[in-house]
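The sequence and the structure are shown first.

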Amino acid sequence: GDSAKAIAAERRKYIRMVTNLGKKGRWVQALNAMDEMSRQGISADDSACNAAVMACIKSGRWDVALSVMDVVTREGYQLEEFTYYELISACGFAEQWVTCLGLVQRLLSIGIVPEGEAYCSVV
């Protein structure tokens, strides 16, 4: 009842915080907010995990974004197609071609056929 609603509201607050920190390029604080959320006993969800990966991408830290992606997907969270595309694009921009190909293959393995733009980042 009420406690579930309260937790959901708290989680949304953290997701907004993570998203806003990402927009400001403050990826360290964004990831700290994720840790804090966990310490408060509020479990992450797909939206929170997407926000964390996007915060790293927006901060220009594709390398950290990849690590976060690995952790959250191992824990069973789903990233959105858009998040993968942003990550592929960021890695392409950084000329990390092998990483881009790995991400495209990862998309295929979870049943998403990447759009042309994803391939353009790789080529």
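## Basis of the description

A residue counts as buried under 20% relative accessible area, as exposed over 50%, and as partly exposed in between. Arg106, with a relative accessible area of 24%, is therefore partly exposed. The model discussed here is predicted.

## The nonpolar core

In soluble globular proteins, nonpolar side chains tend to be buried together. The largest nonpolar core of this model comprises 38 residues. Those with the most contacts inside this core are Val18, Met34, Val53, Val68, Met69, Leu87 and Leu103. At least two core residues come from each of the helices α1 (2-23), α2 (27-39), α3 (46-58), α4 (62-74), α5 (81-93) and α6 (97-109). Helix α3 supplies the largest share, namely nine residues.

Leu103 illustrates how the core is joined. Leaving aside residues up to four places away in sequence, Leu103 touches Leu66, Met69, Tyr84, Leu87, Ile88 and Cys91. Two of these partners, Met69 and Leu87, are themselves listed among the residues with the most contacts inside the core.

## Salt bridges

Side chains of opposite charge can pair when their charged atoms come close. The model contains four salt bridges, counted with a cut-off of 4 Å between a side-chain nitrogen of Lys or Arg and a carboxyl oxygen of Asp or Glu. Three of them are described below.

Glu10 pairs with Lys13, and their closest N and O atoms lie 3.1 Å apart. Both residues belong to helix α1, and because they are three residues apart, about one helical turn separates them. Glu10 is partly exposed at 29% relative accessibility, and Lys13 is likewise partly exposed at 38%.

Asp63 forms a salt bridge with Arg61, with 2.8 Å between the closest N and O atoms. Asp63 has a relative accessibility of 31% and so counts as partly exposed. Arg61 is also partly exposed, its relative accessible area being 29%.

## A link between α4 and α6

Which residue meets Asp70 in a salt bridge? The partner is Arg106, at an N to O distance of 3.0 Å. This pair links distant parts of the chain, since Asp70 lies in helix α4 and Arg106 in helix α6, 36 residues apart.

Asp70 has a relative accessibility of 33% and is accordingly partly exposed.

Methods. Residues are numbered from 1 along each chain as its sequence is written. This is a predicted model: local features need pLDDT of at least 70, side-chain atom pairs count only at pLDDT 80 or more; totals for chains, interfaces and linings use all residues. Side-chain values use heavy atoms; hydrogens and water are left out. A nonpolar core is a set of buried Ala, Val, Leu, Ile, Met, Phe, Trp, Tyr and Cys residues joined through side-chain atoms within 4.5 Å. Buried means under 20% relative accessible area, exposed over 50%, partly exposed in between (1.4 Å probe, protein chains only). Helices (H or I, at least four residues) and strands (E, at least two) are DSSP runs, numbered from the N terminus. Contact means heavy atoms within 4.5 Å.
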